[in-house]
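This briefing covers one protein model, arranged by topic. Please look at the sequence and the structure first.

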Amino acid sequence: MSTAVTSAAAGFAPALRRLYFVRFGFAVVWAALLALSGREFGPSVAVLVVLYPLFDVAAAVVDARASRSTGSTSSSRGLYLTIAVSLLAALGLGIAAASGIPAVLRVWGVWAVVAGLIQLVVGINRRALGGQWPMMLSGGISVIAGTGFFLMAGAANPSLVNVAGYATLGGIFFLVSALRLGRGTKEH
C-alpha cells in the first residue's frame with residue numbers, strides 16, 4: 001500500500017468514526033420512539049418505519065463522499081448499492097404501511113437481508129482500517145434478523161417491537177466500531 005493511500009485511509013477513519021457515532025445516536029432514539037409508539041400502528045409509526053431507511057440513505061451518502069479519499073471503489077460500490085436498496089425499502093415501506101404490520105415486516109425483512117449482505121461485504125473490504133469486525137458481525141446478524149422479520153409477518157399477533165431491538169443492536173455495533181476506529185487512529 002502506498003503512503004498516499006495509507007494517509008488517505010488514516011484521514012478517513014475520523015470521518016467514519018463521527019458518522020458511526022451519529023448512526024448510534026439515531027438508532028437508539030429511533031428505537032425508543034418506535035417502542036413507545038409501536039404498539040398501535042398509525043401514521044407516526046408509518047413515518048418512523050420510512051424514516052429509518054431514509055436515514056440509512058443519508059448516512060451512506062456521507063460515507064461514500066468520505067470514502068472517495070481512500071480510493072476504495074469496492075466500498076463505494078457497496079455504499080451506492082446501499083443507497084439504492086434503502087431508497088427502494090423506504091418506498092416499499094411507505095406502500096406496505098397502508099396494509100399494516102405484516103406487510104411492513106415483510107418489506108423490512110427483505111431490506112434487512114439485502115442491506116446486511118451489503119454491509120458485510122463493505123466491512124470485509126474495509127477491514128484494513130480496523131474497527132470493522134462489528135460491522136461484519138452486524139451485517140451477518142442483519143441477514144438472520146431479516147429472515148426472522150419476514151417469518152414473523154405470518155405470526156398470529158405480529159409486532160414491530162423486535163424491529164426496535166434490531167435497530168438498537170445495530171446502533172450498538174456502530175458505537176463499538178466508532179470506539180475501535182478511535183483506538184486505531186491513535187495508533188497511526
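How many helices and how many strands are there in the protein? There are 6 helices and 0 strands, where helices (H or I, at least four residues) and strands (E, at least two) are DSSP runs numbered from the N terminus. The model is predicted, so local features need pLDDT of at least 70 and side-chain atom pairs count only at pLDDT 80 or more, while totals for chains, interfaces and linings use all residues. Residues are numbered from 1 along each chain as its sequence is written, and side-chain values use heavy atoms, with hydrogens and water left out.

**Overall layout**

- Along the sequence the pattern reads α-α-α-α-α-α.
- Of the 188 residues in the protein, 45% are buried; buried means under 20% relative accessible area, exposed means over 50%, and partly exposed lies in between (1.4 Å probe, protein chains only).
- The accessible surface of the protein is about 9100 Å², and carbon and sulfur atoms account for 70% of that surface. Accessible areas come from the Shrake-Rupley method with a 1.4 Å probe, and for residues only the protein chains shown count as cover.
- Among contacts (heavy atoms within 4.5 Å) between residues at least 6 apart in sequence, 78% join residues at least 24 apart.

**Nonpolar cores**

- In soluble globular proteins, nonpolar side chains tend to be buried together.
- A nonpolar core is here a set of buried Ala, Val, Leu, Ile, Met, Phe, Trp, Tyr and Cys residues joined through side-chain atoms within 4.5 Å.
- The largest nonpolar core has 35 residues, and the members that touch the most others are Trp 30, Leu 34, Tyr 52, Trp 108, Leu 160 and Val 163.
- Two or more residues of this core come from each of helix 1 (3-37), helix 2, helix 3 (73-97), helix 4, helix 5 and helix 6 (161-187).
- Helix 4 gives the largest share of this core, 10 residues.
- Val 163 touches Trp 30, Leu 34, Leu 105, Trp 108 and Phe 149, when residues up to four places away in sequence are not counted.
- A second, separate core of 10 residues includes Ala 13, Ala 59, Met 135 and Ala 178.

**Aromatic pairs**

- Rings of Phe, Tyr and Trp (its six-membered ring) pair if their centres lie within 6.5 Å; planes under 30 degrees apart count as stacked, over 60 as edge-to-face and the rest as tilted.
- The count by this rule is 9 aromatic pairs.
- One of them is Tyr 52 with Trp 111, an edge-to-face pair at 6.0 Å centre to centre with 75 degrees between the planes.
- Tyr 52 is in helix 2 (residues 43-67) and Trp 111 in helix 4, so this pair ties together parts that are 59 residues apart in sequence.
- Tyr 52 is buried because its relative accessible area is 13%, and Trp 111 is buried with a relative accessible area of 5%.
- Trp 108 and Trp 111 have ring centres 5.1 Å apart and planes at 85 degrees, so this pair is also edge-to-face.
- Both Trp 108 and Trp 111 belong to helix 4, 3 residues apart, which is about one turn of the helix.
- Trp 108 is buried, at 1% relative accessible area.
- Ring pairs join Phe 26, Trp 30, Tyr 52, Phe 55, Trp 108 and Trp 111 into a cluster.

**Salt bridge**

- Side chains of opposite charge can pair when their charged atoms come close.
- A salt bridge is a side-chain nitrogen of Lys or Arg within 4 Å of a carboxyl oxygen of Asp or Glu, and the count by this rule is 1 salt bridge.
- Arg 23 and Asp 56 form a salt bridge through their side chains, at 2.3 Å from N to O.
- Arg 23 lies in helix 1 and Asp 56 in helix 2, so the pair ties together parts that are 33 residues apart in sequence.
- Arg 23 and Asp 56 are both buried.

**Surface and loop**

- Val 110, Val 114, Phe 150 and Leu 151 make a nonpolar surface patch of about 350 Å².
- Patches are made of residues with over 30% relative accessible area and no salt bridge, with like charges joined within 9 Å and nonpolar side chains (Val, Leu, Ile, Met, Phe, Trp, Tyr) within 5 Å.
- Helix 4 (101-125) and helix 5 (133-152) each supply at least two residues of the nonpolar patch.
- Val 114 lies in helix 4 and is partly exposed, with a relative accessible area of 32%.
- Arg 127 sits in the loop between helix 4 and helix 5 and counts as exposed at 54% relative accessibility.
- Leaving aside neighbours within four places in sequence, Arg 127 is in contact with Gln 132 and Met 136.
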